[in-house]
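Hello,

Here is the structure for you to take over. My notes on the ligand site and the chain follow below it.

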Amino acid sequence: TNPMQNNLAPISELYVSYESSQKLKVEAADLVSWDLTPRQICDLELLMNGGFSPLKGFLSEEDYNGVVENMRLADGSLWPMPITLDVSQGFADKIEPGQDIALRDQEGVILAILSVDDKFLPNKAREAEKVFGSDDEAHPAVNYLHNVAGPVYLGGPITGIQQPVHYDFRARRDTPNELRAYFRKLGWRKIVAFQTRNPLHRAHQELTFRAAKECQANLLIHPVVGMTKPGDVDHFTRVRCYEAVLDKYPAATTTMSLLPLAMRMAGPREAVWHGLIRKNHGVTHFIVGRDHAGPGKNSAGEDFYGPYDAQDLFREHEAEMGIEMVPFKHMVFVQERAQYEPIDEIADKDKVTILNISGTELRRRLAEGLEIPDWFSFKDVVKELRRTKPPRSKQGFTVFFTGFSGSGKSTIANALMVKLMEMGGRPTTLLDGDIVRKNLSSELGFSKEHRDLNIRRIGYVASEITKNGGIAICAPIAPYATTRRAVREDIEQYGAFVEVHVATSIEECEKRDRKGLYKLAREGKIKEFTGISDPYDVPANPELSLDTETVDVDYCAQQVLLKLESMGLIAGS
Ligand code: PPS
């Protein structure tokens, strides 16, 4: 690329004029409408603003097949990622090619009209193999493809009515044309972009600054704020972190802009896609690292892609893409020289001390409230990360007791609550089976469906408590393992989930029969009674299993406390 040829002329968008959009909006109200999913909203935004140029809409079957098979649209242009509108079978049945449909955001605002010219059933296994290199659902995009995306794809051109609404960080969001205009205004011709979904630490700051210096280019920090890998630091926190790092660059040479992209973690193909998107944003150079947009390990514990596959594929298409790759340098801190250096440029490796903190180690230190040295990150970044991710001993968590009726769940849960309240520090709520059935689930019975609803409600309340830094203690029977696992997943986004099996045998519960229910169940006067006439899945891997037959309640509660302590959930002040 010759930077002098980077004329930064506006790129074509799919929006109609303001006047037409007002008219279209009224007309579109009568059309059949599709409520876009969060990922589809991200895709639509970049389609409409030219970020996905040359695409003019969601892929038709012919374009889709070309993209899946050989990364090319039917007209031969390079495009590595299927941008498709997946819908449910029920919706697809109502649509005929030739029909216009309104695309709405999650609040019902009409964003665009899709003129459907194609309706087709994708071969998802094939798509997974070709695009993501594997049909393994441990890959987040393969999981999405099989378990979230609808079975039918609609293709056709888009008429853009309005941008998706964002209330956060509006000043930091730019369309391709806004960035192009900004670069034009500042006289920037050569621009190197850095793509990221993680907070920036010193090594990233060093490598991006170095990349810009080496190509004598201006620097665009271009973080993804659409959808990234599940489990990533949320974008609100990240943007506050980026803002803190921005000060470390010379203001006249560097800028930051937020990209509403929904990543697929597709490694090599994703790198090419990222390059094309940056090219559309007026960028001339793009940093590609080791394992760019890597999805982590597959279900056999191996990497999905080779560490340099992304760089190789990018290099292969670089000339055609019109954006130059800048290979990312792996930067490490050399203690003796108190500076970052690219690891492959250190000649005296065996004479110096090389320091590095891995992502896993960083997460461990944050979780345990341990020191994060100044050579590793910036004070303000660490402060933001600690604010969102306090150490485990200050985060919320959930203790989930499960076991037969009369096993002693409520008694132990009560004892635990009192002990936690004696320690103080976090608000504690007991969601006992009976309390919940009175206040949240009074209309429910004991069918599988009703029990599941009951447990999901408990899980929802516990996840909100956990998110807000409190302690939720739950004590339902919760007989189904799959439902308990779903609740675990809800809660683990926000804090620890401690499953405690109160393992009192059914014989013992029946012998105690504290409420006289077992007798009634045996006589058939209570139906679907857990352990007598209804199933109970014994927890396979609970954090703790309690034997109440030989041990008293107080000691059971103590065991839970000790478990919490060993998990780092309770600590001295
Ligand atoms: S569940 O399965 O988790 O939704 O059950 P839960 O909300 O914990 O409610 C269990 C309490 O309801 C009483 N009860 C029954 N239990 C099991 N099976 C049947 N059919 C049933 N009918 C009423 C029983 O007293 C349980 O109380 P606990 O506190 O477990 O002893």
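**Ligand site**

The shell around the ligand divides into nine nonpolar, five polar and seven charged residues. Here Ala, Val, Leu, Ile, Met, Phe, Trp, Tyr, Cys and Pro count as nonpolar, Asp, Glu, Lys and Arg as charged, and the others, Gly among them, as polar. This is a predicted model, in which local features need pLDDT of at least 70, side-chain atom pairs count only at pLDDT 80 or more, and totals for chains, interfaces and linings use all residues. Residues are numbered from 1 along each chain as its sequence is written, and side-chain values use heavy atoms, with hydrogens and water left out.

In total, 21 residues surround the ligand (a heavy atom within 4 Å). The closest are S405, R437, R451, A478 and E528. Helix 15 (433-439) and helix 16 (448-467) each supply at least two residues of that shell. Helices are DSSP runs of H or I with at least four residues, strands are runs of E with at least two, and both are numbered from the N terminus.

- S405: a side-chain N or O atom is 2.8 Å from a ligand oxygen.
- R451: a side-chain N or O atom is 2.7 Å from a ligand oxygen.
- E528: a backbone N or O atom lies 2.7 Å from a ligand nitrogen.

On its own, the ligand has 620 Å² of accessible area (Shrake-Rupley, 1.4 Å probe). The protein covers 92% of that.

**Elsewhere in the chain**

The structure holds 34 salt bridges (Lys or Arg side-chain nitrogen within 4 Å of an Asp or Glu carboxyl oxygen). One of them joins the side chains of R172 and E243, at 3.0 Å from N to O. This pair links distant parts of the chain, 71 residues apart. R172 is in the loop between strand 7 (152-160) and helix 7 (176-186), and E243 is in helix 9 (residues 235-246).

Two backbone points are left. S53 and P54 are joined by a cis peptide bond, with omega about 15°. P54 lies in the loop between helix 2 (38-48) and strand 2 (57-58). A293 is not a glycine, yet its phi is positive, near 50°. A293 lies in the loop between strand 11 (285-288) and helix 11 (309-321).

Best regards

Technical notes: Polar contact = N/O pair within 3.5 Å; in protein donor to acceptor, adjacent residues only side chain to side chain.
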